[in-house]
Amino acid sequence: MGVRAAVMVVVSVVMATGVAAAPQDGITLTTGYQGVTVAISDQLDQNQCAQYIDSIKAMITAASSLLFTATGGKVFFGDVVIVVPQQWACQGNPSQPTQLVYMWDSAHLRVGPSHYLFGGNPWTQQPGGCGEPGDWIYVPENFLLDNTNVGNPGNVLVHEWAKFRWGVFEEYGHLHDAIFPQVYLDDTNTITPTYCTDNQLEGAMSCSGDTEADCQFIPELIQNTSVTSSLLAAPFLDSVINFCDAATHNAAAPTKHNLLCDQSSVMDVIAWHTDMSGNSPISLASTNFTVVSAEQDWPRTVFLLEYTTLMASDVNGEPVVGRWEQLRDNVRQFILQEAAAESYVGVVMFGSKIEASLLLPLISKTNREHLASLIYESSPYEGSKVLGTAIQRGVQVLGPQGGTLVLLTQNLQEYALLPNENLVEAADNNPVWPILYPSNPSVPTQIYEQLAGISPDTSILTIQNDLITTGDYTYQSVGGSAGLHGSLLTAAGSPAVRVVSGNCQASSCTIPLQVNDNTAYISPAYVKVFKYQTDLAMISVTDPTGREINPADERNSAILYPISTLQNGGYQVSMRNSAKSMTVIAELWATPTPAPFDLEVSAWSPKGLHNLPYSKGSAPRLLATVTKNASSPVLFADVTAMVANKNTPGTPVNITLNDSGTGADVTGQDGIYSGYLVGFQPKDDVSITLTVTDNNGQAKMVDTSLRAAPTISGDVACCGSQLNVSSLQLITIGSFTFSSSAVSGRFTGVPPVTLPPGRVTDLEASRSGRDVTLSFTAPGAQLDQGQAEWYAVHCQLGGVDLSPIGNFSGVLAGSTVQDQVTLPGCNKVYTLTVVAYYNGSYGSASNAVREMAACSSTNNLSPGAIAGITIGCILGVLLIVLLVYLGLNSDHLDDLWVWRMLTCRCCPCCKDTKDDDDLYSPPSRARRTDYIRGNTESARPVRSLADLYSRPNVEAKKEQRQTRPQDEDDGGFGERMKQDKMQMKSTEDAESLASSRSTLPINQVGLPVGGDNHAYDDGPYTIYRNAPPVPAQRRANTQV
């Protein structure tokens, strides 16, 4: 029987508001999975109920067949219950054939509106580690009705079921996720998609930035027919029917599954689960569907009342006045007045015979009165108790859904177990609160401790056997009645607390009950007066204004006075005419005011707080959520758990819970705060109290109006390293600090010799040349607690480990670490990971980053050296341009300002202090103009470009400038200069005419050529030795 061992607290996260974390109790594997529940949210359209049901059946039927194939014929969906909202009427009137109570917020699959972050994409809340089960699967309405392009519903459901049931994770990346990108740099320096597939996945890739996180890969939906795995990577492809196994797994891809499951394949992790290990293939059968109506998830409690001789007398058979009456009156009063209307209650009377009621909701006054009337009026006078049978009957009243048993029994004599009587087994895993009324401290309580040990949330509640003897009668102390009342409220989970109490003992007396801060409590409240049943004193209660309060329920031993509005000041309980001057006790009870802004915090663990397992290298996770009005998740709060050991009282351990995606937290900013429970041992029982603050004003709440938002463009898939909530409407809450009520937990598993340091899960890198800057959140010395000694940077090349390339000093867990390392080489892809060390122990390797630096001579140059090389290159280019320019204008260099500047003739400081022969050295070879002008006395044939230039006639130019006074009037310009130019032109024409009379032609550079048209010939040619001299004043340039 899959009965929940404890009432699980309600949680709510950013991924789905107003839902509870439900354990996988109730799911069994016999002939297929049995007990799987799928619930439809009442936020959907009632008119489409039939369509919802048909779509659920089609989705699960398709998934069942695929699940059977993918697991080698070991599992499928055998029995599924579909839960429709209570007020809906569809497909006739859905019947509920069992006593099970079904609700949307405890179902395994939950169909609801499109999600404001994931849109039409289904997702699984999965706060645990590798191999740990998820909380639930969320199925958006649009996906169910096939209004999205997410993929085949059956394939996608198998994808989510694997995460929910077996604790595996997605094998794809996420856009703009630096830890789990959609593509990565492989060992061959190729950008590769992160999908784990058995064949290459075809698709389109685009990048909007410089890092892998900015790249997006969109697979082809038609061309990838050869791809058959993995269902955790590409469930949107119809051809995919398998999970990646050891042969097809890509251990190098930076996926969430690889990081959290230490690079094991999905199929390897699934094989570890009890669903697979040791089970043989079975035959596939059709899924059986049952449609039921949802019920309220109200507490279910059955009171087991011992009705034997010892409940009215001592061990010697002497009567004890008031013992049974106090029990009878307190239980009746609780059912009639104090129990919450939103609860189910049953009663079992056991003694000489056993009588039991049905489990009835207390929302009806008639049901309350009926249950109260089943409690016997008169004191018992016979009978002995048989606990095993009584407990079994209580379990029957609770039904398959289970609940809580409150056992009210005396412990005046040690209970002797009957042959084959097993009380724990009889309880069938339902929590039991043993209330020992009354109890003798010398009598063993071992069997009751075993019953209380079924759940960490229960314990033995003891009321001492205090007796008062007056005259000939022995009375049960009135203090026992008050203790019994408090124990009933504790066992039933009532939120009421005792505000103030008092007592008096006289024929007439007054008990003041002072309220100093009524804002600390909510109304209604009540005053309860406990007295001896034989005391006929007159009792009255007045409020601070003097107004008398009428009793709501008056019994012989207990009277309840309701307070509609709690006031500051003194409440007065007056007693008059007490004939025996017996003690009267008065107590004022009220419910504390909820946390500010209607905030509440809830805690749970993946396997339940009653099962917090230690393993060889890990500790259990504690998970918590902070919500407003039980629906709107609160992000960026500060949450601390105070864990106190009940077995060895001492200083409690404070554990910080984070929602950053590091340490124990699997996904950042999802509204689930996580931390490892470090510092305890198996079998330790602990109490856990959560304290929440606004984190210096940073806490924000998600707007609940987004709950039913339609699918938005750009829907993202769950979940990556962080949820991007920047697009959501976040509301600042304000300043707050509050604490939860304590909840109980019990550690199990194997005691660890020592816990290793934690794993880095957010390693990032940036590179400049071969220098790589690494940054990450520091893990602890023991998982996420304390401070590691140091961190080593490990390096791999092509899958081969190299020597570590860096060590960083340890800092406190949760702090940011940033330091630099240098790659061992270039043009190679290096894989870098970080490992934390403490006291000879080391943690798991971090997520990997891959970096490659191109080989270049400038890799190790300083910025100044690079600048010098750049300037040198620029000057070299300018020099080359200058030489080319001068070469192209070599025939008239003296007219070029560049040449004049280089020869120092364009500035005043350059004076003719030397002869022209000093300025220009005699040419070593005959110049071209020497032949033309007939200067052959020392000339040789022109054989090179250097011989083409003759020495300028500087004196002639000086004389020309000095002998032109006629130009002074116009500055050397104007008409006179034009005339000179015309004369110079005539002279040049004469020279050209003389040249044309040569027997040989002149080539393009002015060299005479022979008849064979060579550039130079030793044959005869004409030299103008006797050409008439050219007047100096008529020469404009000494060069041809």
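## The D275–R165 salt bridge

Start with D275 and R165: in this predicted model, the two side chains make a salt bridge, with 2.9 Å between the closest N and O atoms. D275 sits in the loop between helix 5 (266-272) and strand 12 (288-293), while R165 belongs to helix 3 (residues 153-166), so the bridge ties together parts that are 110 residues apart in sequence.

Is this pair buried or exposed? D275 has a relative accessible area of 2%, so that end is buried. R165 comes in at 9%, which means the arginine is buried as well. Opposite charges on side chains can pair up when the charged atoms come close.

Across the whole structure, a search turns up 16 salt bridges. One of them joins E306 to K385, and here the closest N and O atoms are 3.7 Å apart. E306 is part of strand 13 (residues 300-307), and K385 is in the loop between helix 7 (365-373) and helix 8 (387-398), so this contact links parts that are 79 residues apart in sequence. Both E306 and K385 are buried.

Next up is D543, which forms a salt bridge with R547 at 3.3 Å between the closest N and O atoms. If you'd like something beyond a simple pair, look at R328, D329, R332 and E377, which are linked in a network of salt bridges.

## The C196–C244 disulfide

On the cysteine side, searching the whole structure gives six disulfides. Take C196 and C244, whose sulfur atoms are 2.4 Å apart in the model. The cut-off for calling a disulfide is sulfur atoms within 2.5 Å, so the C196–C244 pair qualifies at 2.4 Å. Which hand does this disulfide have? The torsion about its S-S bond is about -115 degrees, so the disulfide is left-handed.

As for where the two cysteines sit, C196 is in the loop between strand 9 (191-193) and strand 10 (203-207), and C244 is in the loop between strand 11 (215-219) and helix 4 (256-260), so the link ties together parts that are 48 residues apart in sequence. C196 has a relative accessible area of 3%, so it is buried. C244 is buried too, with a value of 0%.

## Other disulfides and cysteines

C504 and C509 make another disulfide, with their sulfur atoms 1.9 Å apart. The torsion about the S-S bond of this pair is about 45 degrees, so the disulfide is right-handed. C504 counts as buried because its relative accessibility is 9%, and C509 is buried with a relative accessible area of 15%.

Then there's C718, which a disulfide joins to C719. How far apart are the two sulfurs? The S to S distance in the model is 1.3 Å. Both C718 and C719 are buried.

Two further cysteines have accessibility values to report. C795 counts as buried, at 1% relative accessibility. C873, on the other hand, counts as partly exposed, at 48% relative accessibility.

Technical notes. Residues numbered from 1 in each chain as written. Predicted model: local features only at pLDDT ≥ 70, side-chain atom pairs only at ≥ 80, totals over all residues. Heavy atoms only, no water. Salt bridge = Lys/Arg side-chain N within 4 Å of Asp/Glu carboxyl O. Helix = DSSP H or I, 4+ residues; strand = E, 2+ residues; numbered from the N terminus. Buried < 20%, exposed > 50% of the residue type's maximum accessible area, 1.4 Å probe, protein only.
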